[in-house]
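This report describes a protein structure for a reader who is new to the subject. Please keep the sequence and the three-dimensional view at hand while reading.

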Amino acid sequence: MEHVSLPPLSRVAICGGTHGNEMSGVYLVREMQKQKVDQAGSVSITTVLSNPRAVDACRRYTDTDLNRCFTKGLLSAPITDSTPYELKRAQELNSQLGPKGSKEAVDLLCDVHNTTANMGLCLIFYSIDWITLHIYKYIQSKMTSTPVRVIQLDIPISEAYSLESVGKHGFAIEVGPQPNGVLRADIFNMVKEAVDLTIEWLQGFNSGSTFEGGEVEAYNLVKSVDYPRDPTSNEITAAIHPQLQDNDFKLLRPGDPMFQSFSGEMVEYEGEELYPFFVNECAYYEKKIAFHLAKKITLTFPPISVKKD
Amino acid sequence: MSAYKNSVCFNEARRVAIFGGTHGNEMSGVTLVNLWVKNSAEIQRKGVETKPFIANPKAVEKCTRYVDTDLNRAFSPENLSAPGGDDLPYEVQRAQEINRIFGPKGSPEAYDVIFDLHNTTSNMGCTLILESSKDHFNLQMMNYIKKAITPASCLVLLNEHPLLKYSTSRSVAKHPVGLEVGPQPQGVLRSNIFEAMRVILKHALDFIELFNEGMEFPPCTVEVFWVSERIDYPRDANGNIIAMVHPNLQDCDWEPLNPGDPMFQTFDGKTIHYQGSGTVYPTFINEAAYYEKQQAFVTTRRETLVASAIRKA
């Protein structure tokens, strides 16, 4: 692929507490703010506690999920007295770090999340973006403490609903497993390492290094599977099967155990061979998702370096 | 006639309750009790009325630990006799209602046994929580359960401490039994954790049935982990946490912690060591709900209790 030159990436935002009970991001941002981290060489760093009310209450959100509030429609909706807190907050964040789609937006927005699923470290992004893929390749080559993977959601930026879509470039850093409300040192250290490597890459990029192109394997979201539910009460009637539990990214084949009902029956997976992830994520029970399924794709990306004037 | 000297007699345990959802986001108990409310065949035993009960329905509905205040700390004598009705915090009102249904606490009318089902984010495995070192009925039950699930393990935590003991929902009964299984995140239902809790309850109810039929249980010893001290996170002047449970201690519930061992790790990687005078056995390591209670973990000491022979009166 042909070499690509891009303008310098001089403004990065590190966001934590977009979900108030996902503790790695909350404490990372607090620590960075305590240490007054606002510059690393050529990179200016803005740290943001995205949902302070939810952080104070140690809950995912107060009125509605903040990380679904960043569509163009919701960002331009009029604010009234009855507007949910998170919608107002999304518009504030959009003014501070965006506006989404404009040239004032931060160059890169990293949003730190935790999951109760056994996903190791994942970068999650929307449409193909060379910067994200290069950063992923860089992190993956340097981090040995956990598997590092990349997940691509096929949603055009215009319909993208999460915080990282506000930056010119953006991705979520999702690390698990960690329970809500718990701060694990091993998980925190992985998050810190990934953020430090991201900033290191940006400094390298801005200083004129050329980063070789290549190929990476990515997981492309195909569909989601809900729990079996009682038709009248809508309560779940089965749990993730022990053989699927904690086996995110292990290929799921037709006939493999999927759920274990409370009365002891095993429910098998039926469908094409795919890779499960977000298996038994706490916050997804209410979204009717037991797990997501992805296909593996290969993404090719070009060598890049900073555009010199 | 007893075959043993100093055999202790207890009345038959006729009224037994199983509490789920004392904390609304601890899903094993919530799920099991909901199942048994619909169909109680699994928990029925001859001669025993076993009542499954959701202790904190408002918290369960919101999938939160509590609404106003922790129900599992609400059963103090002051709370149970507090006037004020609807003005009282929800959980205090609920505690009074539970005390009316299953108590009154301390009276002869109180339920014989309450099993209180809990989950923890700590790596505690299956843990039985005992409130009194002198409850020979409970000690014998716990010994029975431990033997029944061998080679799987189930440890006993003794929460008898003048300062650290708290007023639990199960304390309304004559014989309160806490069942704590982890690790499981709040709001999450893990199949293995759910099934483990189910098996322990099965054995507990079997014990009660055997006891009521007249079986005499010989004297036995029970190893317990006796609660000793609550250790908080290091905090700054504003009360914010400045260090995390050290990776060497995380998930090491019940393993010896020796003076000098790593205990906490600061955000920039420095180690804070345990400075106690001797070896302790920590548990409830990094329980989500205990950040607000100023507890990173609790230390215990290992003791062996002797349970007298018991039989029904």
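## Terms and model

Helices (H or I, at least four residues) and strands (E, at least two) are DSSP runs, numbered from the N terminus. The structure discussed here is a predicted model.

## The annotated domains

In chain B, an unreviewed UniProt entry carries the annotation "domain: AstE/AspA barrel-sandwich hybrid" for residues 221-301. This span is 0% helix and 37% strand, and its end C-alpha atoms lie 16 Å apart.

For chain A, UniProt (unreviewed entry) places the feature "domain: AstE/AspA barrel-sandwich hybrid" at residues 215-296. Here the end C-alpha atoms are separated by 13 Å, and the span is 0% helix and 38% strand.

## Chain A as a whole

Chain A contains six helices and 15 strands. Its C-alpha atoms fill a box of roughly 65 × 50 × 35 Å along the principal axes. Does the radius of gyration of chain A agree or disagree with that of a compact globule? A compact globule of 309 residues would have a radius of gyration near 19 Å; chain A has 20 Å, and therefore agrees with this expectation.

Of the 309 residues of chain A, 57% count as buried. Among contacts between residues at least 6 apart in sequence, 75% join residues at least 24 apart.

In soluble globular proteins, nonpolar side chains tend to be buried together. The largest nonpolar core in this model has 71 residues, and the members that touch the most other members are I14(A), L121(A), W201(A), F264(B) and F297(B). Helix α6 (residues 185-206) of chain A gives the most to this core, namely 12 residues. A second, separate core has 68 residues, including M27(B), M141(B), V224(B) and W226(B).

## The annotated active-site residue

Which residue does the UniProt annotation "active site" cover? According to the unreviewed entry, the annotation covers E174(A). This residue is placed in strand β8 (residues 169-176) of chain A. Is E174(A) buried or exposed? E174(A) has a relative accessible area of 7%, and because buried means under 20%, E174(A) counts as buried.

Apart from residues up to four places away in sequence, E174(A) touches H113(A), N114(A), T115(A), G120(A), L121(A), C122(A), I124(A) and F278(A). The side chain of E174(A) also reaches the backbone nitrogen of T115(A) at 3.5 Å.

## A buried residue in a loop

N67(A) is found in the loop between α2 (52-57) and α3 (72-75) of chain A. With a relative accessible area of 7%, N67(A) is buried. A polar atom of the side chain of N67(A) lies 2.9 Å from the backbone nitrogen of L163(A). When neighbours within four places in sequence are left aside, the contacts of N67(A) are T18(A), H19(A), D111(A), H113(A), Y161(A), S162(A) and L163(A).

## A buried residue in a strand of chain B

M263(B) belongs to strand β10 (residues 262-266) of chain B. The relative accessibility of M263(B) is 8%, so M263(B) counts as buried. Not counting residues up to four places away in sequence, M263(B) touches several residues, among them I231(B), M244(B), Y274(B) and F297(B). The C-alpha atoms of M263(B) and G239(B) are separated by 19 Å, and these residues are 24 residues apart along the chain.

Key
Residues numbered from 1 in each chain as written. Chains lettered and ligands numbered in written order. Predicted model: local features only at pLDDT ≥ 70, side-chain atom pairs only at ≥ 80, totals over all residues. Heavy atoms only, no water. UniProt positions renumbered as here; feature names shortened; annotations may be inferred. Buried < 20%, exposed > 50% of the residue type's maximum accessible area, 1.4 Å probe, protein only. Contact = heavy atoms within 4.5 Å. Polar contact = N/O pair within 3.5 Å; in protein donor to acceptor, adjacent residues only side chain to side chain. Core = buried A, V, L, I, M, F, W, Y, C linked by side-chain atoms within 4.5 Å. Rg over C-alpha atoms; globule rule 2.2 N^0.38 Å.
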